[in-house]
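I opened the notebook to go through this model piece by piece. The coordinates come first, then my entries.

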Amino acid sequence: MSLQRVGGLGRALWQSGSRTPPLARKDRNFSGKRLAPCAACSAEQTCRAGLCKGASPPAVPPASPAGARHQIGGKARSEESLNVSGRSFSSTALTVEQTSYLWARYNEMKRLVHDLIPPGVCNLLNSSTIYANNEVSLSEVDIYGFDYDYTLALYSNALDAMIYTTARDFLIEHFKYPQAICKYDYLPNFAARGLHYDIQKGLLMKIDAFHYIQLGTVYRGLNPVPDEEVLRLYDGTHHVPLNQVSGFYGKGPNVKQFMDVFSLPEMTLLAVANDYFISNDIEYDPVHLYKDVSEAIGTVHIKGYMYKWIMEDLEKYILRGEETYAVLHRLVSHGKKLFLITNSPFSFVDKGMRYMVGKDWRDFFNVIIVQADKPHFFNDCAKPFRRLDSKGDLQWDKISNLDKGQVYKQGNLFDFLRLTGWRGSKVLYFGDHLYSDLADLMLRHGWRTGAIVPELELETKVVNTEQYAQSLTWLQALTGLLERMQMYRDPDSRAVLQEWLKEREELRARIKNLFNPQFGSIFRTCHNPTYFSRRLCRFSDLYMASISCLLNYDLSYTFYPRRTPLQHEAPLWMDQLCTGCMKTPFLEEMAHIR
């Protein structure tokens, strides 16, 4: 997509938007001045379509006391002429003129959006791009740290199905849940990362950056909850005071946020179990169900089932291991120091790294720490480091150095910093969990952080479709029209605006369904960023689909975040290009507002 074409769209939207006068501008309300005709209009008529350059839209009668002014003896003068400044108007004609003007503006804007978006607007985004929330220069980074699961090792969707099935069967065998729950197979496209779960009410939902529930994304079991019921359940609002009902790490006590990729099977199992009890009219306590499901999912990890499956079939579960090798080899060959901090056990990590990198994988790392117990590793200094021998058995010597090639268990970040001296922005750590991996490092220790977000690959594919580009651009243009045309308050104009609002909601639903029919994009709730997206921006300097994205950049590359215009700043067309925001500006006409 050329800059010239996008610039043309931006200018066209700007010019189109600058034709509507502000509500408070008095000199155009029934001024008595004749309007300059356009070529399509006769010399005796004004341009009722509002398309000629000199044309002004039909004047808007005041909301009050218009009613009193238009009545004589208590009877409406809907068909009587109104004489203003020597000109004769009919109130019926005025309404027709206003609605014609509204639809003319609508059709003109729709034509602009359709004609000025070239085919090249698609495929602008590359899923291998690294995105910056903060300016980061790789030339200043000397030390690279990594989590293991979903960072160095990416897993196939088959793993989610295995976790779900094993946890479901555990509910039946150990907690004596009804056998009929077995009929529910794993639903790979039901849930999305970053959702919140109301433990007391048994509701799965998406919440935006301002703590508001996105209506239409609240599910009890496998069925959506009507908006009216959501408002009733939350005392007439869809705002959730997360600071009161959920802790910093999103773990309750009343509301939990599911932040890592491993949480998809847990959300699905919660929805399935709720759905079974509701469908069969069985009374149950949602709090008990949540605790049982959490324990069942935890058992899969604690008892090592997941580790066993992966170790028995590395080829089935581990994806793109050769890319992990390429990243590590490139960093080391450029003199960078590497370290690994993971919650997984050594035997599991060793098997996976041998598969991806080779038997000498430990030679790449200056420090290796397993079973670190994050996030406590980053905020608690209670646990000391323990060294493991080549067989993975614990040793009893006191740790005074963290030596290359050795493997350590547990420990804490405070001792890590003391023993290595690796502090501040020269350290860049990558992980997939915004809370457990990145939050404390960003907020308390000043490390640079990189978030791994595998969902970017799918979301990028959607954003690159023509359907998404057309729908989103028209949604923004229609929203701009609604913003400026809301001053038309007569019944017929209101009906037009209501029709536009309905179309706006349909567009929002259509865009949401492109990502996930239940919950939409993990990054947005209609217009606002999601709560997940807000945390992503707060806790990560960079984010990307996988660490292999590093292979596309020179190690002296500087990442610059896009300068997204604030609401009070001029939305220059170049800013619109960079942010994908084609909202119609009305700067000229709003200049009089103080």
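**Entry 1**

I started at Pro375, which lies in the loop between E16 and helix H13 (376–379). Helices here are DSSP runs of H or I with at least four residues, strands are E runs of at least two, and both are numbered from the N terminus. I noted that this is a predicted model, where local features need pLDDT of at least 70, side-chain atom pairs count only at pLDDT 80 or more, and totals for chains, interfaces and linings use all residues. Residues are numbered from 1 along each chain as its sequence is written, and side-chain values use heavy atoms, with hydrogens and water left out.

Which peptide bond is cis? I looked up omega, and the bond from Lys374 to Pro375 is cis, with omega near 5 degrees. Asp373 sits in the loop between E16 and H13. Its phi is positive, about 60 degrees, although Asp373 is not a glycine. Most residues other than glycine have a negative phi, and most peptide bonds are trans. The cut-offs are under 20% relative accessible area for buried, over 50% for exposed and partly exposed in between, with a 1.4 Å probe and protein chains only.

**Entry 2: another positive phi**

I found His211 with phi near 70 degrees, a positive value in a residue other than glycine. His211 lies in the loop between strand E10 (203–205) and strand E11 (219–220). Is His211 buried or exposed? His211 is buried, because its relative accessible area is 15%.

**Entry 3: the sheet**

I traced an open sheet of 9 strands, in the order E5-E23-E20-E19-E7-E15-E16-E18-E17, with mixed pairing. Strands count as paired if DSSP finds at least two bridges between them. The edge strands, each pairing on one side only, are E5 (131–132) and E17 (385–388).

I went through some of the pairs:

- E15 (residues 337–341) and E16 (residues 367–370) run parallel and are joined by 3 bridges. Ile341 stands opposite Ile369 in E16.
- E16 also pairs with E18 (residues 407–410), in the parallel sense, over 3 bridges. Here Ile368 is opposite Val407 in E18.
- E17 and E18 run antiparallel, with 4 bridges. Phe385 has Gln410 in E18 as its bridge partner.
- E19 (residues 427–431) and E20 run parallel, joined by 4 bridges. Gly431 faces Ala451 in E20.

I then checked burial along E20 (residues 448–452): 5 of its 5 residues are buried. Arg448, Gly450 and Ile452 point one way from E20, Thr449 and Ala451 the other way, and all are buried. In a regular strand the side chains alternate between the two faces of the sheet.

**Entry 4: Asp403**

I moved to the loop between E17 and E18, where Asp403 has its place. Asp403 counts as partly exposed because its relative accessibility is 40%. Which residues does Asp403 contact, leaving aside its neighbours within four places in sequence? They are Asn366 and Tyr408; contact means heavy atoms within 4.5 Å. I also looked up the C-alpha distance from Asp403 to Ile368: 8.9 Å, for residues 35 apart in sequence.

**Entry 5: helix H17**

At 1.5 Å a residue, its 20 residues should span 28 Å, and its end C-alpha atoms are 28 Å apart, so the two agree. The expected span is 1.5 Å times one less than the number of residues. H17 is mostly covered, with 14 of its 20 residues buried.

**Entry 6: a pocket**

I looked up the lining of the second largest pocket. By class it has 11 nonpolar, 12 polar and 10 charged residues. H8 (286–302) is among the elements that each supply at least two lining residues. The largest share, 6 residues, comes from H8.

**Entry 7: whole protein**

The protein has 21 helices and 24 strands. Buried residues make up 50% of its 594 residues. Among contacts between residues at least 6 apart in sequence, 75% join residues at least 24 apart.

Key: Ala, Val, Leu, Ile, Met, Phe, Trp, Tyr, Cys and Pro count as nonpolar, Asp, Glu, Lys and Arg as charged, and the others, Gly among them, as polar.
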